[in-house]
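Subject: Structure handover

Hello,

Please find the structure below, with my notes after it. Read them with the model open beside you.

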Amino acid sequence: MSTSATTQNPLGPDPPSPPSPDAFENAASGHALAVADQVNRDRSLLSRTNAQGWALLHLAARYGHARVVRALLDAGADPAVRSAEGKTAAEIAAFWGHADVAALLSAKAEVLLPGGARRAVKNGPDVTLPITFAGTGTIDRVAPLRGKPDAVDAMYRDPRALIVAFAGPQVLWHARGSGTGDRASSLNQQPLRYVTRDDLTSWVAGGAFAGYPPTAASADANAKLPPPLMVLLGVDTADSARPYFAVDLLSSGAFESPDAVLISFPDARLTDMRMAAAKLYAAGAHFDAGLLAQARSVLDWHARHGFCAGCGARTTADEAGYRRVCPNQPAKGSAGPHKCLSGVQNFAYPRTDPVAMACVIHPAGDRILLGRNPAWPRGMYSCTAGFVEPGESLEAAARREVYEETGVEVREVEYVMSQPWPMPNSLMLGCMAQAQSERVVLHDDELEEARWFTADEVRGMVAASDARFMGAGTAGAGAGATFVPPASSIAGILIREWVGRWAPTMPAARM
């Protein structure tokens, strides 16, 4: 080949045999120019596999065709993709003795962020946005003390103790004051309307909370009304171990309705959890948000688990609100124990439901998959999410949910971060997922639409989200635009992480 031809063709000459119409045969036989041309015309070839589960890069590595490997890497092939046997192209090349090809692939894998993302995941996300409901890390939940009534009672009677108050699913909120989130400021300036033991004993009609010990179980399991439901949240290690509790004011019968609660607390109003989360995020009150999540989840669990699953008897609260107990004892004269007293069947503990949330990256790395549920606000698109089923790993759940909802197949799934989501008791497990197919087919009725969005489109949607939610979830400007969830949700954080860090760092060949 002439010098000019070599300059025009940096890959060098192809084998003398004619290339095949099949890209996989060309990769295996060393036809680099043909492979480059075929991939340029059909980018989906980069993510396809043959009947044996091998991608083009695996075949080129297997037969030691460095020219084909370079062409595929230049086109944006991911060197971290694994074959059906779980091997990367570098590992395949090394196994078959092609040390130069293995070195080329290994070096490229160190430079690239595979799928535009993988190194960022392993080192932790760069996003510095706080995780709503995760708290500040200063609450010690003092679990060893929950079963010690004297210790819990002493914390309840501490004059500094504060109580997060609910009326059913709504939380007590200050009617005035924006809330600064500064723990050193007056409590009247906090968004949450904390109450004290004196508030409960002095202001609540009927004396339902007078002398109330939060760990006591009802003496009569069949009583018409249970005792007031109160839960020990913990102590703040940054505030001289100030105790915190949570109470459902409607649980004792002391109040007939939420309106009755507001009559006793004229400086307060009631707010739903989503609005409370947004307001606390906007105020920077992350300590309060963490308490709110803990309180709401445990109180909701009590509200849904008031009866024994084994025998139907009313259960009673125990261990400072972190256990419910069936009080049934063996029947008189019976040969064995009551069916609810075998093993741990007569105990129930608060539950948390894990949810796999996946930000799915396109095989070419330049787009992400977002969908919308018809129940969401018009114009909002988000990541795919679904509950982890029994006997299922996080990674398997993410793959299954993405396929069930969108028809897109996912290969690699990597955990990024988590977020408590007390609506009522979920733990959102945020992941980045690498797609190996791009065709979208809605398999169920959960989504009304799902499609791929480019980095530029996502940037516009993030800007619209920030305008609409003001970064927190409170309605603002930007109504009518296409947008993503606010930064107060883990879906919003994952999307911002991808577009803010991973998408811009991808090689030009992938954009």
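Buried residues make up 51% of the 511 residues in the chain; buried means under 20% relative accessible area, exposed over 50% and partly exposed in between, with a 1.4 Å probe and protein chains only. This is a predicted model, in which local features need pLDDT of at least 70 and side-chain atom pairs count only at pLDDT 80 or more, while totals for chains, interfaces and linings use all residues. Residues are numbered from 1 along each chain as its sequence is written, and side-chain values use heavy atoms, with hydrogens and water left out.

The chain has 16 helices and 15 strands. These are DSSP runs numbered from the N terminus, helices being H or I with at least four residues and strands E with at least two. Of the contacts with a separation of 6 or more, 65% are between residues 24 or more positions apart; a contact means heavy atoms within 4.5 Å.

The six-stranded sheet

An open sheet is formed by six strands in the order E1-E4-E5-E2-E3-E6, with mixed pairing. Two strands pair if DSSP finds at least two bridges between them. At the edges are strand E1 (139-140) and strand E6 (268-271), each of which pairs on one side only. Strand E4 (residues 229-236) and strand E5 (residues 242-248) are antiparallel and share seven bridges. One of the residues involved is Val235, whose bridge partner in E5 is Pro243.

Asp236 also belongs to strand E4. Is Asp236 buried or exposed? Asp236 counts as buried, at 4% relative accessibility. Its side chain makes a polar contact of 2.9 Å with the side chain of Thr138. A polar contact is a pair of N or O atoms within 3.5 Å; within protein, one must be able to donate a hydrogen and the other to accept it, and residues adjacent in sequence count only if both atoms are side-chain atoms. Neighbours within four places in sequence aside, the contacts of Asp236 include Ile139, Arg242, Tyr244 and Phe287.

Helix H12

Helix H12 (residues 273-283) lies across strand E2 (162-167), strand E3 (170-174) and E6, and runs at about 40° to E3. For such angles, axes are lines fitted to C-alpha atoms, for helices over the stretch in contact, and the angles run from 0 to 180 degrees between N-to-C directions. Which residues of H12 are buried? They are Met273, Ala276, Ala277, Ala278, Leu280, Tyr281 and Ala283. An α-helix has 3.6 residues a turn, so residues three or four places apart point the same way. The cover over the buried residues of H12 includes E2, E3, E6 and H13.

Asp272 caps the N-terminal end of H12, with a side-chain oxygen 3.1 Å from the backbone nitrogen of Arg274. Just after the helix, Gly284 has a positive phi of about 70°.

Aromatic rings

There are six aromatic pairs in the structure. Rings of Phe, Tyr and Trp (its six-membered ring) pair if their centres lie within 6.5 Å; planes under 30 degrees apart count as stacked, over 60 as edge-to-face and the rest as tilted. Phe95 and Trp96 are an edge-to-face pair, at 5.4 Å centre to centre and 85° between the planes. Phe95 is exposed, with 66% relative accessible area, and Trp96 is partly exposed, at 42%.

Tyr244 and Phe287 are also edge-to-face, because their ring centres are 5.4 Å apart and their planes are at 65°. This pair links distant parts of the chain, with Tyr244 in strand E5 and Phe287 in helix H13 (residues 286-304), 43 residues apart. Both Tyr244 and Phe287 are buried. Ring pairs join Tyr194 to these two in a cluster.

Arg62 lies over the face of Trp96, at 3.4 Å from the ring centre, and over the face of Tyr63, at 4.5 Å. A charge sits over a ring if NZ of Lys or CZ of Arg is within 6 Å of the ring centre and within 35 degrees of the ring normal.

Strand E10

In strand E10 (residues 353-361), eight of the nine residues are buried. E10 pairs in the parallel sense with strand E14 (residues 426-435) over nine bridges, and Met357 has Gly430 as its partner there. Four bridges join E10 to strand E12 (residues 384-387) in the antiparallel sense.

Regards
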